[in-house]
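This report describes a single structure, element by element. Please look at the sequence and the model below before reading on.

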Amino acid sequence: MFASGTSWRLGSLFGTPIFVQPGYLLLLLLFGYFASRGLPHAPFLAAFLTAFAVTVSLLIHEFGHVLAARLNGHRSQVVLVMMGGLTISSGESRGWRAVMLSLAGPAAGLLTWAILVFVVPASRAEDPTLWPYLWGMLVWINLYWSIFNLLPIYPMDGGQALQSLLKLFKRAFEAERISAIVSIVTALAVALWLYQFGFIFAVFLLAMMAYENWERLGRNR
């Protein structure tokens, strides 16, 4: 139920423990490498600010799930992993509560995006360093990561919300089967679309999820 294996405890926030796995550091290195080109005169600063923005955005997302779980009476912990973050709760939410729990993470990210854009805008400085650069990264990550997570692809939040919604009207194995089919079709369609723009990492991630759902579909035949 709670974090096991190779993970390090970073501390806790609002009573919720936070762990990080080695793969997450690889994710930060990957994002930092590509982001270092954003500030040619300060590549290490760009990499650091990007890693900071990614971590803060993921924690905002996961603590949306934490808050929803807490409202359902469950304790949680957050684990930062190579593919992002996980919120692991001490109990299982069902019905509409499960749907809202899945949507709470993207909702927190979109709320953060709205606050940054409409309440705390970046300065108009021509040189995009420090806060303007960090602001841009936070805006970009919280908007696009939230939208990406809302896609009906299991195990992303949109896919989990869809499966929980289907379970309100179908038997569990039927809901999982339909969820897997929708996930495969959506993942492959989005992967083909993103490939045209050179988003290779996203294509790789979607291909992995399509394969995972293909295996899940096989188990539900």
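Strand 2 is largely enclosed by the rest of the structure, because five of its five residues are buried. Buried means under 20% relative accessible area, exposed means over 50%, and partly exposed lies in between, with a 1.4 Å probe and protein chains only. Strands (E, at least two residues) and helices (H or I, at least four) are DSSP runs, numbered from the N terminus. The model is predicted: local features need pLDDT of at least 70 and side-chain atom pairs count only at pLDDT 80 or more, while totals for chains, interfaces and linings use all residues. Residues are numbered from 1 along each chain as its sequence is written, and side-chain values use heavy atoms, with hydrogens and water left out.

**Strands and their pairing**

In strand 2, Thr16, Ile18 and Val20 point one way and Pro17 and Phe19 the other way, and all are buried. Two strands pair if DSSP finds at least two bridges between them. Strand 2 pairs with strand 1 (residues 8-13) in the antiparallel sense, over five bridges. Here Arg9 has Phe19 of strand 2 as its bridge partner. Two residues lie between the strands of this hairpin, in which Phe14 takes a positive phi near 55 degrees.

Strand 2 (residues 16-20) also runs parallel to strand 3, and three bridges join them. Ile18 has Val78 in strand 3 as its bridge partner, and Phe19 stands opposite Val79 in strand 3.

Which residues cover the two faces of strand 3? Ser76, Val78 and Leu80 lie on one side, with Gln77, Val79 and Val81 on the other, and all are buried. Strand 3 (residues 76-81) is largely enclosed by the rest of the structure, since six of its six residues are buried. Strand 3 is joined to strand 4 (residues 84-89) by six bridges, and these two strands run antiparallel. Val79 stands opposite Leu86 in strand 4. The two strands form a hairpin with two residues between them.

**Nonpolar cores**

In soluble globular proteins, nonpolar side chains tend to be buried together. A nonpolar core is here a set of buried Ala, Val, Leu, Ile, Met, Phe, Trp, Tyr and Cys residues joined through side-chain atoms within 4.5 Å. The largest nonpolar core has 25 residues, of which Tyr24, Val78 and Leu80 touch the most other members. Strand 2, helix 1 (22-35), helix 2 (43-71), strand 3 and helix 4 (130-149) are the elements that give two or more residues to this core. Helix 2 gives the most, with nine residues. Another core lies apart from this one and has 13 residues, among them Phe148, Ala191, Leu205 and Ala210.

Contact means heavy atoms within 4.5 Å. Leaving aside neighbours within four places in sequence, the contacts of Val78 include Ile18, Phe19, Leu59, Phe63, Val66 and Leu86.

**A nonpolar surface patch**

Leu26, Leu29, Leu30, Phe31, Tyr33, Phe34, Met82, Met83, Phe201, Phe204 and Met208 form a nonpolar patch on the surface, with about 1,000 Å² of accessible area together. Patches are made of residues with over 30% relative accessible area and no salt bridge, with like charges joined within 9 Å and nonpolar side chains (Val, Leu, Ile, Met, Phe, Trp, Tyr) within 5 Å. Accessible areas come from the Shrake-Rupley method with a 1.4 Å probe, and for residues only the protein chains shown count as cover. Helix 1 and helix 7 (200-219) each supply at least two residues of the patch, and the largest share, six residues, comes from helix 1. Met83 lies in the loop between strand 3 and strand 4 and counts as partly exposed, at 33% relative accessibility.

**Salt bridges**

A salt bridge is a side-chain nitrogen of Lys or Arg within 4 Å of a carboxyl oxygen of Asp or Glu. By this rule the count comes to two salt bridges.

| Salt bridge | N to O distance |
|---|---|
| Glu92 and Arg94 | 3.4 Å |
| Glu174 and Arg171 | 3.3 Å |

Glu92 is exposed, with a relative accessible area of 55%, and Arg94 is exposed at 61%. Glu174 is partly exposed at 26%, whereas Arg171 is exposed at 53%.

**Two buried residues**

His74 is found in the loop between helix 2 and strand 3 and is buried, with a relative accessible area of 16%. Leaving aside neighbours within four places in sequence, its contacts include Ala69, Ser89 and Glu92. Ser102 lies in helix 3 (residues 96-118) and counts as buried at 7% relative accessibility. Not counting residues up to four places away in sequence, Ser102 touches His65, Asp157, Gln160 and Ala161.
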